[in-house]
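Here is a set of questions and answers for a reader meeting this structure for the first time. Please look over the sequence and the model before going on.

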Amino acid sequence: MKPSGRKKLYILLAMLIAIGGLAFGYRVFSRAQAIQITQEWARVDLLPASVTSINVDVRGGMFTREFVISFEAPREDIEAWLASSKGTRDATVEVEHGSRVYQIQPGGGAQFAEVRVDESGMKVTIRVYWS
């Protein structure tokens with residue numbers, strides 16, 4: 001092949017790999033889907049009805065997927081939710097920088113799951129991932 005032909009081949013291959021990655025590895029998750037998957041992977045119950053200030057962050061790419069959900073709710077509702085959730089009931093709990101960290105045995109094929117409750121007891125962050 002001529003150098004210009006080889007260059008075209010490399011460009012074509014790069015384009016095919018990029019298109020394949022988008023077609024097979026990129027998925028847009030709705031907010032509800034991200035919350036549902038996070039709950040399954042962290043093995044927690046539905047979020048308390050009193051939840052406010054909910055934030056949903058989806059990360060990752062073709063070979064990984066990570067969900068980070070944070071929310072605020074009254075302390076009593078969070079404590080009841082933690083007590084009723086299988087993942088947090090069975091978890092190892094540590095204290096880090098004033099937050100309770102529940103190291104959860106993940107479900108749904110995930111490799112990592114944790115729930116963090118800040119020192120005020122009113123803000124929760126759930127982080128799960130699969131890779």
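Predicted model: local features only at pLDDT ≥ 70, side-chain atom pairs only at ≥ 80, totals over all residues.

Q: In what order do the 6 strands form the open sheet?
A: The strands pair in the antiparallel sense. The edge strands, β1 (52–60) and β3 (92–96), each pair on one side only. From one strand to the next the twist averages 15°. The order is β1-β2-β6-β5-β4-β3.

Q: How many residues lie between β3 and β4 in their hairpin?
A: β3 and β4 run antiparallel and are joined by 5 bridges. Glu 94 stands opposite Val 101 in β4. His 97, in the turn of the hairpin, has a positive phi of about 50°. The number of residues between the two strands is 2.

Q: Which residue in β5 is the bridge partner of Gln 103?
A: Strand β4 covers residues 99–103 and strand β5 covers residues 112–117. These strands pair in the antiparallel sense, over 4 bridges. The partner of Gln 103 in β5 is Glu 114.

Q: What angle does the direction of helix α2 make with that of β2?
A: Helix α2 (residues 31–42) packs on the sheet. The helix touches β1, β2 (65–72), β5 and β6 (123–130). Its direction and that of β2 make an angle of about 95°.

Q: How far does α2 reach from its first C-alpha to its last?
A: α2 has 12 residues, and at 1.5 Å a residue the expected reach is 16 Å. Just after the helix, Arg 43 takes a positive phi of about 55°.

Q: Against which elements do the buried residues of α2 pack?
A: Buried here means under 20% relative accessible area. In α2 the buried residues are Ala 34, Ile 35, Ile 37, Thr 38, Gln 39, Trp 41 and Ala 42. They pack against β1, β2, α4 (86–89), β5 and β6.

Q: Which residues is Ile 126 in contact with, leaving aside its neighbours within four places in sequence?
A: Ile 126 is among the core residues that touch the most other members. Contact means heavy atoms within 4.5 Å. The residues in contact with Ile 126 are Thr 38, Ala 42, Val 44, Leu 47, Phe 67, Val 68, Ile 69, Phe 71, Trp 81, Glu 114 and Val 115.

Definitions and conventions: Residues numbered from 1 in each chain as written. Heavy atoms only, no water. Pairing = 2+ DSSP bridges. Axes fitted to C-alpha atoms, helices over the stretch in contact; angles between N-to-C directions. Expected span 1.5 Å × (residues − 1). Buried < 20%, exposed > 50% of the residue type's maximum accessible area, 1.4 Å probe, protein only. Core = buried A, V, L, I, M, F, W, Y, C linked by side-chain atoms within 4.5 Å.
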